[in-house]
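Let's take a friendly walk through a structure, one piece at a time. Have the sequence and the 3D view ready.

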Amino acid sequence: MDAKLIEGLLHRVDKRHYKGRVGELVYIDFPPVPFTRDTEFLALKVETIGDAVEEPPVEERAKGEGLVLPSQIVRRGAKPGTSYVVVRAYDSLTQEEMAGVDPLKISIDIEK
Amino acid sequence: MAISMTEFGDSISRKSRATEEDLSLYKILHENRNAIRVDGLFVPLIPLDEEDHLDEDEKEVARAQPPHWAGNAPDCEATPPSVDHSELQTPVRDQKDRGTCVCFASLACLEALAKNAENLEVDLSEQFANRLFMKFSGKDQCADGLKTTLAAKYLSERGVCKEDLDPYEDLQAVTRHCSDQPSQAAQDGAVYGIGDYSLIDGLGLLGPSINNTDYLECLLSGGHDIVFGTHVAWGLPDANGVHDVKLDTFGNPLASRGGHAMLIVGYERNVQTPYFIVKNSWGPDFAHRGYMHLSYDYVRQYGKYGYIVHQFRTDIPVVEV
């Protein structure tokens, strides 16, 4: 896979900072990465850093066919502070993180 | 080979003693999960999410229209060992770097129907179809991604034009004019669409379900092609060129990493790994001259939903996009 292409697709997102309140759901939109011959073996893995948010037991909204998943995730404010959602690109054939693709980092500020 | 609890019960009742393998399978089935056999091991089917089913409106459409399992479906007792409609298709297209697979799968189905039922060779505009689908979704034409079954609804309400009136562009080109309207000629020529269709839900391994390979064989042997939406979890094809279910280190089928739409145009049952012949939209040099061979187990495990078209229309009322 072309690291430069994947990097460009992953980082074409405008909103990188979200705000929420304790107990509220925060819907985080990822850049729509099209599922194509170039991204056939691309896997996106999401890591949450920090304890200001938690994973709620709710369905995340899918966007049908044509995109690499996830295209959106949901977090819930747990306590005041800042958490980060980091999206990394992996090669699904080797299960290794793609060299040359910077992770996408999105911050979530949670208020009382 | 997919196994249901009923089938398991039938097989176990013929044995004097259950094996370890039987017990592991029983454990999976007892949790109300279906199982498939991959590389000699039984693994559970991944439960489908709510998003992977038809919504309530779609279910109403699916109930109201043929075919039903024992209704308009062809004679399922006598499906041939193989069916291949690939020679009846229009050329394999290339969606390039956009997530427009639903447009390509849907229009491939319409083009084949026009060619074979109406004797009409037509190359329909995927660019126009994506404008239309995204318009219905409240987005501009640079967006993509759509639930496959919605395409059937949209194409029965609005038409698309021929390719030469609104040619397909790659992502870089289309991004220069996301909000532009199609030409007047393209809008005036948007008369091609669906007259009648049937939706297929992912209801499991039995009945009129996208995961029931007997049912899909029925439809294909009856002359239908099947537009289907699927999870993406394949790896490289096996030595026979078939894309099959892959397992993770815990022995479970790999999780989905995306969604894709393609057109099922045939099947081959009497081989080591039975497979469906699937028209993709990644150009003619992909896999088998542009067609994938997806194993039956893959479709059982990862198929989400789909639709078939009964009637091609050339007189959809023109409405400005």
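V53(A) has G77(A) in β5(A) as its bridge partner. β4(A) and β5(A), residues 72-77, pair in the antiparallel sense over two bridges. Here strands pair if DSSP finds at least two bridges between them; strands are DSSP runs (E, at least two residues) and helices are runs too (H or I, at least four residues), numbered from the N terminus.

These strands belong to an open sheet of three strands in the order β2-β5-β4 (chain A), paired antiparallel. Because β2 (25-29) and β4 (53-54) of chain A each have a single partner strand, they stand at the edges, and one side of each is left without a neighbour in the sheet.

## How to read the model

This is a predicted model, where local features need pLDDT of at least 70 and side-chain atom pairs count only at pLDDT 80 or more, while totals for chains, interfaces and linings use all residues. Residues are numbered from 1 along each chain as its sequence is written, and chains are lettered from A and ligands numbered from 1 in the order in which they are written.

## A helix inside chain B

Nine of the eleven residues of helix α5(B), 126-136, are buried (20 or more other C-beta atoms within 10 Å of their own, with C-beta atoms placed from the backbone), so the helix is largely enclosed by the rest of the structure. Among them are F128(B), L132(B) and F133(B).

After α5(B) comes G138(B), with a positive phi near 75 degrees.

Note on methods. Buried ≥ 20, exposed ≤ 12 C-beta atoms within 10 Å, placed from the backbone.
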